[in-house]
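Subject: Structure for your files

Hello,

Here is the structure I said I would pass on. My notes on it follow below.

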Amino acid sequence: MDSTSDSPSPEKQDVDALLEQLKSARAGLSSADAEARLVQYGRNALEEKTDSLLRRFLGYFWGPIAWMIEVAAILSALVRHWDDFVIIVALLIFNAAVGFWQEYKAANALEALKQQLALRARVLRDRHWGQIDAVELVPGDIIRLRLGDIIPADAVLIEGDYLAVDQSALTGESLPVNRQTGELVYSGSVARQGEMVAVVTTTGADTLFGRTARLVESAGAVSHFQKAVLAIGDYLIYLSLGLVAILMVVQLFRHAPLLDLVQFALILTVASIPVAMPAVLSVTMAVGALALSKMKAIVSRLQSIEEMAGVDILCSDKTGTLTRNQLTLGEPGVFAAHDAQELILAAALASRAEDQDAIDLAVIGGLSDRAVLEGYTQTRFVPFDPVGKRTEGEIAGSDGRSFKVAKGAPQVILALCKVDQATAERAAALIDEHAAKGYRTLGVARMDTGGDWQFLGILPLFDPPREDSAETIRKAGGYGITVKMVTGDNAAIAREIAAKLGLGKNIQPATALFTGEDGGAPADAAERIEAADGFAQVFPEHKYAIVKALQERGHLVAMTGDGVNDAPALKQADVGIAVSGATDAARAAADLILTAPGLSTIVSAVEEARRIFERMNSYAIYRITETIRIMIFVVLAMIVFDFYPITAIMIILLAFFNDVPIMAIAYDNTGLDRRPVRWNMHRVITVSTVMGVIGTLGSFLMLYLAVDWLQLSIPKVQTYIFLKMAVAGHLTLFVSRSRGWYFARPWPAPVMIWAALSTKLAATLLCLYGFGLVTSISWKEIGLVWGYSIVWSLVTDAAKVSVYRRFDRTASRHRSFLRTLGAHLH
């Protein structure tokens, strides 16, 4: 029985020449030589550059928006506006703490990778075998590898019959591979059968395992969330500074008191800078992360939620992710056996469950009733070896009769049975048919006492898809996400699984797409990578390069995986997803960690991510609109009317009333987009600017009515304007939260409505009674301001709907043009 992969063996090396090159010998190194080499080559460990926790925390105070907020805090302290100073610093620290805590929980992938290394190794030094810490191994050391060992370093086998090595966590191959004298075995893989002696060739970061770790260290995509926050922040900052500069120049020409002007300009600037924006967006994502955790998906990096909303390509590891990573019997090919169960029984009697061999377990699992084995006793068992390529069992039945059974490579079993030409041709045709599908096959035979070997039939073996994989892929397609399969198995297996899952059959071998030791993608390979439905014979460097190539072509890429080999691509991907049962390395590199089996949770995560994105998009539009509405109005009103339309304390109160309860947006009800969503800054800023300008016109009309029609005193005018801006503030949020009319479904969440009502009630009571902060006005005047604000919100809503419809018509024409162009080219 051949329970190993058919993947090509690495090139055999001349053992004596290699030992000479390494300046070693079969008797091993001396302790003194080993110590000298340890100094030369370093420890057999993955070294990592680490920053202190304090340094990592302080990093959150570095960046354009952070700098602007910090300058505002310093200026507030200089002019002794301590309330402003405390609020600004508190928001800055809160935002940094949220980001730092989430990133800290994610840990780092290198630490988990190091835990995969073997802790102890059997080594021959000073002509004596002993155990040492694996980190002390050096090139040239002679080590012994046995069943169950984690191979501690890259090594070449120099003595023994064979070693079956499970390197699925490194290469993605679903079965162990046979390695013999002169062949290379990789650090981090596991010995499954056999025992051999090997010489260490490379250690630490120079091993294949180490190169994987270096990829993880260098991997990482820039967050689109960070880009969006910076773009919004820059727009608001430049707009605010420009308007304040104009105001300063005009007022200085009017000989306004300099200190009062600087204080007012400072407060106006601070109120307009998006101090709370990073905190609001972080809380929105944190609340979403809590919702995802209830769906069995743990978020390790908050920004990945926003990235997931825009993902349009999902690269999925095959083994253990799309498939069960559990060999299963296919449809048996019956020859001399009476039926399929008799064929499987004979194969099961030529197996040994206690060896935990993948193929033995698959064969035994194919029995309809395992209790049938209790009627037989295995008196002798000959295990598989790479020369004989079969297992054999001597069996005693409950009736006292004895017989032999064998299973293994079909050609070996056919030769053992000396079948006739017709049987051989039928068997060959069946084997070729299964090989075309990527199935492995076993031949099964039986020999009764005094008789000849009889060829009972052929058993095909394959790793079947998970029950929910096809449905998950279909649902992903419904959300505009293209799924591409990535596997270390050969192309035939990949195509067969792809067909069963409803993926296309354009499976590209990685060797046809990548060149060079670093797995880099040539320029002409990019289009083939984008067009491919999957990739076969993939190594870690290939997975990383596939993700990067797709990103460079404008895609947001999610990558699922469970093994060490997936870690670099998981970290490079916009969203790395570690599936249930993933290794520590995969989980540490991932942004999203699934705790429920299968991929179905991903669809739920995408739905939730798109709702979270809509909340963040709504807040961004609201925040820009408010800045424009307040800044343009206040500056122009001072220039035109030559008085403060709102006082400094009113601006601080407005910031409090509008920004503190805005956290409720994290719980808002939103629509669900069926296509990937991304930050469209042109649309966001256009919609915000139109809404802001409409709001400014509304404020000017209110100012005109208060001054010329009602002929109020300036203090009362200021109260009117304050209440109008306070009431309109949350109405603006309701307008910005949807692309349609704001009174249509989905309606706001109750917590948002209550947050808005409570803060507006507080503002109303403040205007009614004054409390020494503002000039009081009557209930009648309050009703006038409320009614005016509600009516004007409908005007703003109409303008918003008109802008969105214009964007939709433009996008529709663009898609129609692309379809026409594509059909013409085709």
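Buried residues (buried means under 20% relative accessible area, exposed over 50%, partly exposed in between, with a 1.4 Å probe and protein chains only) make up 55% of the 826 residues in the protein chain. This is a predicted model, in which local features need pLDDT of at least 70 and side-chain atom pairs count only at pLDDT 80 or more, while totals for chains, interfaces and linings use all residues. Residues are numbered from 1 along each chain as its sequence is written, and side-chain values use heavy atoms, with hydrogens and water left out.

Overall

The protein chain has 29 helices and 24 strands; these are DSSP runs numbered from the N terminus, helices being H or I of at least four residues and strands E of at least two. Of the contacts (heavy atoms within 4.5 Å) with a separation of 6 or more in the protein chain, 73% are between residues 24 or more positions apart.

An open sheet is formed by six strands in the order 2-1-3-9-4-7, with antiparallel pairing; two strands pair if DSSP finds at least two bridges between them. Its edge strands, each pairing on one side only, are strand 2 (128–133) and strand 7 (184–185). Within it, strand 4 (residues 154–159) and strand 9 (residues 196–202) run antiparallel and are joined by five bridges, and Leu157 has Ala198 in strand 9 as its bridge partner.

Strand 5 (residues 163–166) pairs antiparallel with strand 6 (residues 177–179) over three bridges, where Val165 stands opposite Val177. Strand 5 also pairs antiparallel with strand 8 (residues 190–194), over four bridges, and there Asp166 stands opposite Val190. From strand 5, Leu163 and Val165 point one way, Ala164 and Asp166 the other, and all are buried. In a regular strand the side chains alternate between the two faces of the sheet.

Helix 12 and Asp312

All eight residues of helix 12 are buried, from Gln303 and Ser304 through to Ala309 and Gly310. Asp312 is in the loop between helix 12 (303–310) and strand 11 (313–317). Asp312 counts as buried because its relative accessibility is 15%. A polar atom of the Asp312 side chain lies 3.0 Å from the backbone nitrogen of Leu556. Beyond its neighbours within four places in sequence, Asp312 is in contact with residues including Gly480, His555, Pro676 and Arg678.

Aromatic rings

There are eleven aromatic pairs, counting rings of Phe, Tyr and Trp (its six-membered ring) with centres within 6.5 Å; planes under 30 degrees apart are stacked, over 60 edge-to-face and the rest tilted. Phe633 and Phe700 are edge-to-face, because their ring centres are 5.2 Å apart and their planes are at 80°. That pair links distant parts of the chain, with Phe633 in helix 24 (residues 600–641) and Phe700 in helix 26 (residues 681–709), 67 residues apart. Phe633 is buried, at 0% relative accessibility.

Trp741 and Phe743 are stacked, since their centres are 5.9 Å apart and their planes at 20°. Trp741, Tyr742 and Phe743 form one aromatic cluster, and Trp741 is partly exposed at 34% relative accessibility.

Regards

Note on methods:
A polar contact is a pair of N or O atoms within 3.5 Å; within protein, one must be able to donate a hydrogen and the other to accept it, and residues adjacent in sequence count only if both atoms are side-chain atoms.
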